[in-house]
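Please look at the two chains below.

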Amino acid sequence: MTPLWPVAVITFKEGIRNRAVYGISLFALMMMAVNLLISDMIMQEVGKVSVDIALSSISFLGLLLVLFVGINLLAKDLDKRTIYMVLARPISRGEYIIGKFLGMVLLIVVTMSILCMFAVASIFLVKMRYSGYFPRFSWPMIFLSISFTTLSLILLSALSFLFASFASTSFISLILTIAAYIIGHSMTDVKALVEASQSVGIQVAPFTVKLVQIAYYIFPNLSIFDIKTQAAHDLAIPMSYIFWAVSYGLVYTCIVITIASLIFRKREFP
Amino acid sequence: MIRIEGISKEFKEGIGSKRVKAVEDLTLEVHKGEVFGFLGPNGAGKSTTIKILINLIYPDNGTCSINGKDVRDRETRRHVGYLPENPFFYDYLTAEELLWFGGKASGMSSAAIKERTDQLLTKVNLQAARKRHLRTYSKGMVQRAGLALALVHDPEVAIFDEPMSGLDPIGRKMVGDLIMELKGQGKTVFFSSHILSDIERFCDRVGIIVGGKLRVVDRVDSLLSGGTTLEDIFLEEVEKAGGGATV
């Protein structure tokens, strides 16, 4: 048996039993109730608002999972030296990182599936009460949006592993991961803004343009996984877009985890 | 068999460039089937040497091998059981799951793990607490769970860093019995301690390390043959090294 699996299993168990996961689930339950309440208060576009609230909620809760449970899973290993019990086995540092990451992926997928059930239940209840407000609605788009969010969280988690592979404290990993999340979601807009300004005659320093363009290609473009608006309005997404987005997410994740394990190989645990 | 050849290790102290020598040109051999005690005051370099043996840190110079294999080869650790000083484990795992991990990661079958888990948890007196999360364990219980984890894959070489630390007299006796049992099975045991009586009781040979340098390596019986005590020898070595360490 490859040593990755036992590491993944204990990582998943440690993560899923964390009280923060219960907190996230409780929060999801509250969001479901809020969705029902808000739907009662607004008089138009109930369907779109309800889908938007449900999808935004699980996207936010998924982010909390990565930031506060995921980062801790690795950071605690380093801070409390629980990593000794793993590395004392015939497991290399690279395998440790990959195994740990697989456990985290499992945790994200399982938690997102639970959150997905809450989201689906809330949308379903609103749809039952106000079926007239759901003229353009499709469940596959809802599931596609949640799958894309899951993929973006996996990518973000890979980045947090990369930061933890060289950062000295979990706080630095947390700050860097939040920064990567913000940059990842706004880079497309910033690039468009910088480039569009030039086309209408507004001067932007060439250095700034170059810097933004370089950052655009280095940082992950998380905005491509955000299809909540399309899901709320049931706008079609071409198959080619899905294919490229999934490929981009998987390839980027693999590259980041490979770099993290290469850096980790040099690390010592005194 | 454990072979340490001329290892040295320096650590940076703080932000500045000041470096501290944790271990200096240490050469040592522990024979198969031997119980070897690694004695030294706090900060002498015992844990650093052990961590180099487990490949948790890399030496600046020198090499280490266990059973003829370089410790940098992960396969070496398939036959090594390690108990860290003040072990910490995952809060939400149970002792049973901890041993499952240790067994699986060492390539054991599920049936073998189950049998060995029953055996070991009985031995370390954790049978009743086997399904409890480790976060609810007392310090002594964590130490005992760590011992069970170190031995789950029936290693040929056991390396314990301060195995008696945090244990009550019953726990200490249990660890002593375990060490003697391993010796009876022909296993090699290398353990560090600064408790002289433990070394006297269990070890065939002892190495005294002070200030990162190995000062004495000898059989315990020959060291004590002239009527001197291990405490006298230890304090003399600390004195020679210019340290005022307390035992």
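This is a predicted model: local features need pLDDT of at least 70, side-chain atom pairs count only at pLDDT 80 or more; totals for chains, interfaces and linings use all residues.

**Helices, sheets and contacts**

Q: Across which strands does helix α4 (residues 139–151) of chain B lie, and at about what angle to β6(B) does it run?
A: Helices (H or I, at least four residues) and strands (E, at least two) are DSSP runs, numbered from the N terminus, and two residues are in contact if their C-beta atoms, placed from the backbone, lie within 7 Å. Axes are lines fitted to C-alpha atoms, for helices over the stretch in contact, and angles run from 0 to 180 degrees between N-to-C directions. Helix α4 of chain B lies across β6 and β7 of chain B, and its angle to β6(B) is about 165°.

Q: Which strands stand at the edges of the six-stranded open sheet of chain B?
A: Two strands pair if DSSP finds at least two bridges between them, and the sheet has the order β6-β7-β8-β3-β9-β10, with mixed pairing. Neighbouring strands of this sheet are turned by 15° against each other on average, direction ignored. Each edge strand has a single partner strand, so one side of it is left without a neighbour in the sheet, and these strands are β6 (80–83) and β10 (213–219).

Q: Over how many bridges do β6(B) and strand β7 of chain B pair?
A: Two of the facing positions can be named: B:Y82 stands opposite B:I159, and the bridge partner of B:L83 is B:F160. Strand β7 covers residues 157–161, and its pairing with β6(B) is in the parallel sense, over four bridges.

Q: Which residues of β6(B) are buried on its two sides?
A: A residue is buried if 20 or more other C-beta atoms lie within 10 Å of its own, exposed if 12 or fewer, and partly exposed in between, with C-beta atoms placed from the backbone. In a regular strand the side chains alternate between the two faces of the sheet. Both faces of β6(B) are covered, the buried residues being B:V80 and B:Y82 on one side and B:G81 and B:L83 on the other.

Q: Is B:I208 buried or exposed?
A: B:I208 belongs to strand β9 (residues 205–210) of chain B. Leaving out residues up to four places away in sequence, B:I208 touches B:L39, B:G40, B:R215, B:V216, B:F234 and B:E237. Because 25 other C-beta atoms lie within 10 Å, B:I208 is buried.

Q: Which strands stand at the edges of the four-stranded open sheet of chain B?
A: This sheet has the order β2-β1-β4-β5, and its pairing is antiparallel. Two bridges join strand β4 (residues 61–66) to β5(B), and B:S65 has B:D70 as its bridge partner. The edge strands, each with a single partner strand, are β2 (19–30) and β5 (69–70).

Q: Is α2(A) roughly parallel or roughly antiparallel to α5(A)?
A: Angles under 35 degrees count as roughly parallel, over 145 as roughly antiparallel, 65 to 115 as roughly perpendicular and the rest as oblique. The axes of helix α2 (residues 19–41) and helix α5 (residues 93–129) of chain A come within 9 Å and cross at roughly 15°. That angle is why α2(A) counts, relative to α5(A), as roughly parallel.

Q: Is the crossing of α1(A) and α2(B) left-handed or right-handed?
A: Helix α1 (residues 4–16) of chain A and helix α2 (residues 95–105) of chain B pack at an angle of about 160°, with their axes 9 Å apart, which means that the two are roughly antiparallel. A crossing is left-handed if the near helix is turned anticlockwise from the far one by less than a right angle, and right-handed if clockwise. The crossing of α1(A) and α2(B) is left-handed.

Q: Which element gives the largest share of the side of chain A that touches chain B?
A: The contact takes 22 residues from chain A and 25 residues from chain B. On the side of chain A, the elements that give two or more residues are α1 and α4 (83–87). The largest share, four residues, comes from α1(A).

Terms used
Residues are numbered from 1 along each chain as its sequence is written. Chains are lettered from A and ligands numbered from 1 in the order in which they are written.
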